[in-house]
Amino acid sequence: GLLACIGMGALHMADLDLAAVGGQGHGLRGLLTTLGIARTSIFKKEEIAKTNAWLEGLPPAEQPIELLKWAHKTIAADTWVQFTSFGPSGIVVTDLLRKLGLLNETKVVMIDTLHLFPETYDLMERAREFFGLHKNGKIFRCSTADSRAEFEKQFGTRIWRVAPKVYDYMTKIEPTRRALDQLGVQAWVTGRRRSQGGVRETLPLLEIDESDGRLKMNPLINWPLDDVWQHIRSNNLPYNALQDQGYSSVGDMVTTEKPVEGEGERGGRWKGSSKSECGMHVAQDANSLYDVAKLANRVRAGYNWDLKAHQRADAAGVLTVTEENFEQLVIKDPGHIMIEMYAPWCPHCQDFEPTYNKLVPEARKITQDGAEGVRIARMERWQNKVPASVGSAFEMSGFPTMFLVLQDCRDRPIPYDDKGHTVGDVIGFIRRYVRAGCKAAPARPEPEKAPEQEELGEKKEL
């Protein structure tokens, strides 16, 4: 049959120019230059350990102020910044900087993932006004898109679900690293706290990032959540309106849900996943970042192809099936339908596209028992799921896979398994099975949930 891209591992196929996704020129060195990883720390571990011991000996209420005073005295003013998502802890840190008179010389950096809640964007504007961040407030975004709509054109609408490493890299990790590099940052302040759980339970007040040698300062690590909110309310500070709706921690719209009781402060983040961090605060291995950057570039190139391929398919009369309209087009609408399930980054899918589009006029001529001709459709199956009720019937071994769905046995699709893949070969297959009818369709498999999309790298390379 068709040559196929086997699983997500087929994404690892070329060492492409990484300039489009944050790398300066070709190869690992170009990427690391932008990510600020090819550098040496200016901080001595022994001195940081002594300072940590001194700060830990102070009452928790005094630690944040003393840490920030130490930073102001010890680190050059234009080389340390605050990074914040304007969560409760971040708002408190910004307020402490204000009380110390340091906001005029300290940049406050926000990463706009392009997938934030409207309430978060509203808070960003309110915080900018409240703290006077018109000059020193800096926002960094994805290097290739400045809106969610543009991002989804480049990476698909559900990249966060099927390739979370690529999603985190493009929306959080690369913008963070670029901000650190462009702003000349040697040290940055975070709002992380031990009571948030997970890997944060063992955070020190000061830590040297193993990946790039920069110093991370965590002034609130020993504050419980109640103390954070006490400070916010007693100082009438702005905060996210979602906090009043039961969201204890607010991230991206696509990965954040309202937590259930007992899930912890960061419950609801990355729902259904074992993740507790997005990667911004995890020491990054240079080679793993390089690999993800290559994957991101390949995905982006694939969706750039798909944008044009969709236009060509539409002009040819090929229907577009999605997760949202599958039930209507494939299960409910009258008539037979041939559907190709593909991945935009798959070279075999791209090569087959011209042939597939040519099926439309020939398939319209195939009629049986008064039925109209066979419809031809395509479905981007990497990010789109099929309904759970028929998931096991549309099981795939690779991209692309074609199925013929006969109108009288729609839950028993017939996978294309002929060796040839010319227009004549595929039309011959369709004619044969339309003529034979449902008695030639495979037995209905046991109902199972639709197969989950694999995360990157889980299947072997083609």
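Which residue, with a positive phi, follows H5? That residue is Gly132, and its phi lies near 65°. Keep in mind while you look around that this is a predicted model.

**View 1. Helix H5 and its buried face.** Helix H5 covers residues 118-131. Its 14 residues reach 20 Å from the first C-alpha to the last, close to the 20 Å expected at 1.5 Å a residue. Five of the residues to look for here are Thr120, Leu123, Met124, Ala127 and Phe131, which are buried in H5. Down the axis of H5, the buried residues fall within an arc of 110°, so they line one face of the helix. On the face of H5 turned away from the buried side, you will find the exposed residues Pro118 and Glu129. The buried residues of H5 pack against helix H4 (88-99), E2 and E3.

View 2. Start with strand E1, residues 80-83, which is joined to E2 by three bridges, the two strands running parallel. Together, E2, H5 and E3 make a right-handed β-α-β unit. Strand E2 itself is mostly covered, with four of its five residues buried.

View 3. Helix H9 spans residues 225-234, and Val228, Trp229, His231 and Ile232 are buried in it. Seen down the axis of H9, the buried residues fall within an arc of 155°, so they line one face of this helix. Just after H9 comes Asn236, with a positive phi of about 50°.

View 4. In one of them, the ring centres of Trp305 and Tyr342 are 6.3 Å apart and the planes stand at 80°, so the pair is edge-to-face. This pair links distant parts of the chain: Trp305 belongs to helix H10 (residues 286-316) and Tyr342 to strand E8 (residues 337-342), 37 residues apart. Trp305 is buried, with a relative accessible area of 14%, and Tyr342 is buried too, at 3%. Another edge-to-face pair is formed by Phe394 and Phe403, at 5.0 Å centre to centre and with 65° between the planes. Phe394 is buried, with a relative accessible area of 0%, and Phe403 is buried at 1%. Elsewhere, ring pairs link Phe151, Phe155 and Tyr167 into a cluster.

**View 5. The open sheet of five strands.** Trace this sheet in the order E7-E9-E8-E10-E11; it is open, and its pairing is mixed. Strand E7 (319-321) and strand E11 (414-415) stand at the edges, each with a single partner strand, so one side of each is left without a neighbour in the sheet. For E7, the pairing with strand E9 (residues 375-380) is parallel and runs over three bridges. To find this pairing, look for Leu319, which stands opposite Ala377 in E9. Strand E8, which holds Tyr342 of the Trp305 pair, sits between E9 and E10 in the strand order.

Terms used. Residues are numbered from 1 along each chain as its sequence is written. This is a predicted model: local features need pLDDT of at least 70, side-chain atom pairs count only at pLDDT 80 or more; totals for chains, interfaces and linings use all residues. Side-chain values use heavy atoms; hydrogens and water are left out. A crossover is right-handed if, with the strands pointing away from the viewer, the path from the first strand over the helix to the second runs clockwise. The expected span of a helix is 1.5 Å times one less than its number of residues. Buried means under 20% relative accessible area, exposed over 50%, partly exposed in between (1.4 Å probe, protein chains only). The arc is that of the directions from the helix axis to the C-beta atoms. Contact means heavy atoms within 4.5 Å. Two strands pair if DSSP finds at least two bridges between them. Rings of Phe, Tyr and Trp (its six-membered ring) pair if their centres lie within 6.5 Å; planes under 30 degrees apart count as stacked, over 60 as edge-to-face and the rest as tilted.
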